Amino acid sequence: MNDRLEDLVVLRLVPTGEADLVVTLLHPLHGRVDALAKAARKSLRRFGALEPFARVSVQFGRGRGQLPLLAEATLTQAWQGRDYTQLTQASNAAELA
């Protein structure tokens, strides 16, 4: 996997520790990618784009654990769903992935 990936969709955000997040992303070629975002709940500048169903471009850093380290996430397209049907479909797709 390259250090930078484009066109990922944020599927899930799981809080861990005091300020970290485990982020589940979906990439068209690499499939499901789990990554650790250190201090993500404190740093809106680096991780403000991490919202469910948002399209993001991410920069990976070097991690020591099993999960790759997410260094930065940049919003490329916000979730525009205002329709409950679309939200339900997006939630079901995220659950299947």
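1. Basis. In this predicted model, local features need pLDDT of at least 70 and side-chain atom pairs count only at pLDDT 80 or more, while totals for chains, interfaces and linings use all residues. Residues are numbered from 1 along each chain as its sequence is written, and side-chain values use heavy atoms, with hydrogens and water left out.

2. Fold. The protein has two helices and five strands (DSSP runs, H or I of at least four residues and E of at least two, numbered from the N terminus). Their order from the N terminus is β-β-β-α-β-β-α.

3. Of 97 residues, 31% are buried (under 20% relative accessible area, 1.4 Å probe, protein chains only). Among contacts (heavy atoms within 4.5 Å) with a separation of 6 or more, 44% join residues 24 or more positions apart.

4. Not counting residues up to four places away in sequence, L25 touches L8, V9, V10, L11, G31, R32, V33, V56 and V58.

5. Residue H27. H27 lies in strand β2 (residues 20-27) and is buried, at 10% relative accessible area. Its side chain reaches the backbone oxygen of E6 at 3.4 Å. Beyond four places in sequence, H27 touches L5, E6, D7 and L8.

Note on methods: Buried means under 20% relative accessible area, exposed over 50%, partly exposed in between (1.4 Å probe, protein chains only). A polar contact is a pair of N or O atoms within 3.5 Å; within protein, one must be able to donate a hydrogen and the other to accept it, and residues adjacent in sequence count only if both atoms are side-chain atoms.
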